[in-house]
Amino acid sequence: MIEVKEKQFTAELEAAIQSVHTDQKNKLFSYTEKINPVNLYRFLEKSADLKLPRTFWSSANEDFQMAGAGHAFELSAKASSSRYEQVEQEWHALLSDAVIYNPYHVSGTGVVALGGFSFDPLKPQTKLWENFPCSHFSIPSYILTHAEGNYYLTLNRFIRTDETYAVVLEQLQDHRQALLNNAENKRDGSALHIQRKTEIDPEQWKETIKKATDVMKNTAVDKIVLAREVRLHFNQSANIPDILKRLVDTQPNTYVFGYEMGEDCFLGATPERLVKVKDDEVLSTCLAGTAPRGETMEEDEQIADNLFRDPKNREEHDYVVQMIRNTMEAYCTDVNVPSEPAVHQYKTLQHLYTPVRAKLKKNHRIFSIISGLHPTPALGGTPRQEALAFIRENELLDRGWYGAPIGWMDSNNHGEFAVALRSALIQKDEASLFAGCGIVENSIPESEYEETNIKLMPMLSVLGVD
């Protein structure tokens with residue numbers, strides 16, 4: 001069986017290189033095979049050994065994970081309002097010439113682009129996010145996909161006209177063998193601990209809340225979302241696969257992501273899906289309105305009931321639901337919205353939740369929905385442009401990719417994006433954590449500050465807080 005697979009692979013690669021030479025045009029070659037189970041976190045460790053940048057995705061409530069190694073091809077766009085269209089055009093141009101062997105057509109196999117966007121392309125970038133452009137997607141050189149109980153490996157190689165079959169084959173086979181080696185890497189055995197935690201200007205952040213409430217009292221602005229940063233210093237460099245595994249194990253019902261650029265890695269466990277597309281089926285979810293979990297079942301149920309009935313949280317939630325509905329109606333048909341939200345419970349938090357389902361119109365794709373949805377009122381405010389202008393001018397934080405769309409799309413017309421919340425930018429032995437909340441006219445700064453502390457806890461808990 002192994003010999004048959006190897007013959008298939010070499011034949012497909014040889015044909016792809018022949019196509020590149022015949023057409024005198026560089027092309028992406030993509031080959032997918034079903035393989036025996038492989039530990040995704042060891043795959044990521046082996047990627048680091050080979051000095052290949054890493055990507056990771058794990059979907060909430062689904063048996064679906066991807067781990068990527070290397071950048072076979074990169075998609076990016078300049079900081080502008082047309083960045084979604086620019087990336088989409090690059091993506092389709094790449095696929096139009098690609099040579100793809102994928103008999104499975106399972107989500108996350110074939111050509112897969114993983115990546116994301118910055119929150120606001122118009123806000124000047126600071127040194128904190130210097131490794132992360134306003135938009136960046138990677139087609140990993142090697143993608144390990146765990147889906148529907150099976151494991152798949154996709155090899156992607158952008159083949160140039162001056163490359164030979166022997167050189168390309170040798171590189172692909174060497175890396176494949178090293179990445180699929182399930183042997184555990186040697187560890188020093190020491191655990192990650194936080195040595196110092198620094199809150200970035202918390203009092204000035206509270207003053208910004210007061211400024212926002214004053215604006216809302218005198219203008220038509222209804223809501224402004226403000227975020228803040230906490231900086232951590234560790235006893236050693238963080239092990240990215242370990243953190244991702246802990247997030248998957250301890251933060252159920254979330255989307256766990258990791259995206260490495262240079263020596264920095266942006267990762268998190270977000271509960272909020274932005275949009276999922278499978279063929280023409282579209283699903284977006286509103287997750288706005290937050291409360292902690294109770295210490296007893298009775299207390300938990302009471303907090304959930306209070307959240308469901310709380311006018312401020314219901315109003316905040318409805319802002320987002322109506323915006324999602326309006327966006328869906330612009331790009332989709334058969335839009336279905338429940339009449340009221342449910343309460344979804346996570347390990348440390350609970351949220352008001354409403355799913356919105358629709359069918360995508362033929363002339364639109366996943367980026368059409370993303371461009372209409374981002375930022376939702378839960379991340380920016382209402383009205384959108386006025387709230388964004390206030391954030392751009394007054395928020396202390398460079399959000400970078402925090403609060404922005406992050407996710408994946410594949411050559412099977414499947415894709416899913418989440419909102420990058422509950423996240424951290426890991427930089428060797430340091431990290432920045434981010435959290436925000438929706439400010440309305442009667443917001444109390446100290447209460448909003450405490451809400452951000454609650455939202456920071458899921459990430460703090462996996463980074464060394466006892």
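A: Trp 129, Phe 132, Phe 257, Tyr 259, Phe 266, Trp 401, Tyr 402 and Phe 434 form one aromatic cluster, where rings of Phe, Tyr and Trp (its six-membered ring) pair if their centres lie within 6.5 Å, and planes under 30 degrees apart count as stacked, over 60 as edge-to-face and the rest as tilted. The model is predicted, so that local features need pLDDT of at least 70 and side-chain atom pairs count only at pLDDT 80 or more, while totals for chains, interfaces and linings use all residues. Residues are numbered from 1 along each chain as its sequence is written, and side-chain values use heavy atoms, with hydrogens and water left out.

A search of the whole structure finds 22 aromatic pairs. In the pair of Phe 137 and Phe 367 the ring centres are 6.0 Å apart and the planes stand at 85°, so the pair is edge-to-face. Because Phe 137 lies in strand β7 (residues 135-139) and Phe 367 in helix α9 (residues 366-373), the pair ties together parts that are 230 residues apart in sequence; helices (H or I, at least four residues) and strands (E, at least two) are DSSP runs, numbered from the N terminus. Phe 137 is buried, with a relative accessible area of 0%, and Phe 367 is buried too, at 2%, where buried means under 20% relative accessible area, exposed over 50% and partly exposed in between (1.4 Å probe, protein chains only).

Charged groups also meet aromatic rings: the charged end of Arg 314 sits over the ring of Phe 308, 4.6 Å from its centre, and Arg 399 lies over the face of Phe 119, at 4.2 Å from the ring centre. A charge sits over a ring if NZ of Lys or CZ of Arg is within 6 Å of the ring centre and within 35 degrees of the ring normal.
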